Structure formats: C-alpha cells, structure tokens
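Please keep the sequence and the structure in view while reading.

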Amino acid sequence: MFSGGLDSTAMLVKLLAESADELRVHHIRMINKEKRDLAEQRAVEGILAYCRAHYRAFRYSESALDFSALEAIPIDYLAIAFVACQVAIDTPGCNRIAVATLATDTDIANRSARQRRVFEEIYACYRARKLGEPSVDWVYPVHDIPKAELAAGLPPALLDLTWSCRCPVEGLRPCMACKACRMRQSLRIPAAPAHNPVS
Ligand SMILES: [Zn+2]
C-alpha cells in the first residue's frame, strides 16, 4: 500500500531493491475536504517514474475514495484495510500486504491491530465465497527504522518527490504547520517536491 509519502516510498524502495518479490503497488486517492489528493497524486506519479527507471518493474494500480462532500475526515487506516482487501482478492496468489507503519507512529500497536481486525472481517466474507488465499499476512518492512534513517537512505532526488503535508494550501503547497510538515522540517527535508516549488 503506497501513499506517496516518505515512509511508503522508503518501503517501496526497500522491497524493490532488497527482495525479488513480485510486487503489486497500490495507491488510494484519498479525497476529502483537506484536499491533499492533488499534491499526493503528483508525488505518486513522480515516485513511480523514478522507481521504474532506477530499480525494477512492478505492477501498479490505484483506486479512489471521494469523501469531499463530508465535513469529517475519514480515518486512513480503515480505508487502507478495506481497499487492501479488495486488492488482495484481485491479485492471484497474494498472501502478504506490506504497509509502511513505523514503530514511532502514535498508538501504532493498537492501530495496526485494529487495522488487521477490520481487514480480517472483510476478508472472511470473500473466503466464504472461496475467494483469495487461505491466509494473508500483514508485513511492516520499515517498522523498526527511524524516520531520519529512512530519509537518509533515499536518493535525494527521490526524497524530494515525496509528499507529506496533510492539508496543503490551495491543494498544492505544504501548509508548514501540520504534524507531517513539522516532521519534515525537523528532519530538514525540503517541504515541497522539487517540481512544485513554494511560490
Ligand atoms: Zn502540512
């Protein structure tokens, strides 16, 4: 599951460079009133092009969840559990789902457990129809790597393409105030993709 952020980009590079696994990379266009989808989509396209040119080929797909008419912001990890299930069923032989969850993320143990629980309930409905592999494991390839180390391990040109801001100004410029923006500042990572300079 690939968002276009720093963590999932580092995970993608790790899987491409260090494994021979057949990968299906999936991005969810999360559309809500924070309007981060445009900037995120641009990041995703740049990162995919970079990875295809510098690592190896992989299958890619995307889906979209449009909640822009709602006032509330849906919880990402629930959307990811739901979509990951559809993608697993859609991928012959799929027996693992990789997510870029970090040990340092807030409340992560509980959140990951809840995410898997949501997934298991939905997946069981497909298994009842004899679809999918008997079991699917969730794997966390970058879980124990500090964020600063993930950032340092990425080629600078690729790091610049990643997008973190949750609520960009006019949908395109990092707000510089949200938690994700402050994290980037603390790690001295450029706030905006190189092809999207702050004006
Ligand atoms: Zn921000």
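Met176 counts as partly exposed because it has 15 C-beta neighbours inside 10 Å; a residue is buried if 20 or more other C-beta atoms lie within 10 Å of its own, exposed if 12 or fewer, and partly exposed in between, with C-beta atoms placed from the backbone. The structure is a predicted model, in which local features need pLDDT of at least 70 and side-chain atom pairs count only at pLDDT 80 or more, while totals for chains, interfaces and linings use all residues. Residues are numbered from 1 along each chain as its sequence is written.

Met176 is placed in the loop between α6 and α7 (179-186); helices (H or I, at least four residues) and strands (E, at least two) are DSSP runs, numbered from the N terminus. Although Met176 is not a glycine, its phi is positive, at about 65°. Most residues other than glycine have a negative phi. Lys130 likewise has a positive phi without being a glycine, and the table sets out both residues.

| Residue | Phi | C-beta neighbours inside 10 Å |
|---|---|---|
| Met176 | about 65° | 15 |
| Lys130 | about 60° | 6 |

Lys130 belongs to the loop between α4 and β4 (137-139), and it counts as exposed because of its 6 C-beta neighbours inside 10 Å.

The interior comes next. Apart from its neighbours within four places in sequence, Ala10 is in contact (C-beta atoms, placed from the backbone, within 7 Å) with Ala100, Val142, Leu150, Gly153 and Leu154. The buried residues of α1 include Leu6, Ala10 and Val13, and their cover includes β1, α2, β3, α5 and α6 (156-159).

Cys85 lies in helix α3 and is buried, as 22 other C-beta atoms lie within 10 Å. Beyond its neighbours within four places in sequence, Cys85 is in contact with Phe119, Ile122 and Tyr123.

β1 and β2 pair in the parallel sense over 8 bridges; two strands pair if DSSP finds at least two bridges between them. Within this arrangement, His26 stands opposite Ser61 in β2.

Definitions and conventions: Two residues are in contact if their C-beta atoms, placed from the backbone, lie within 7 Å.
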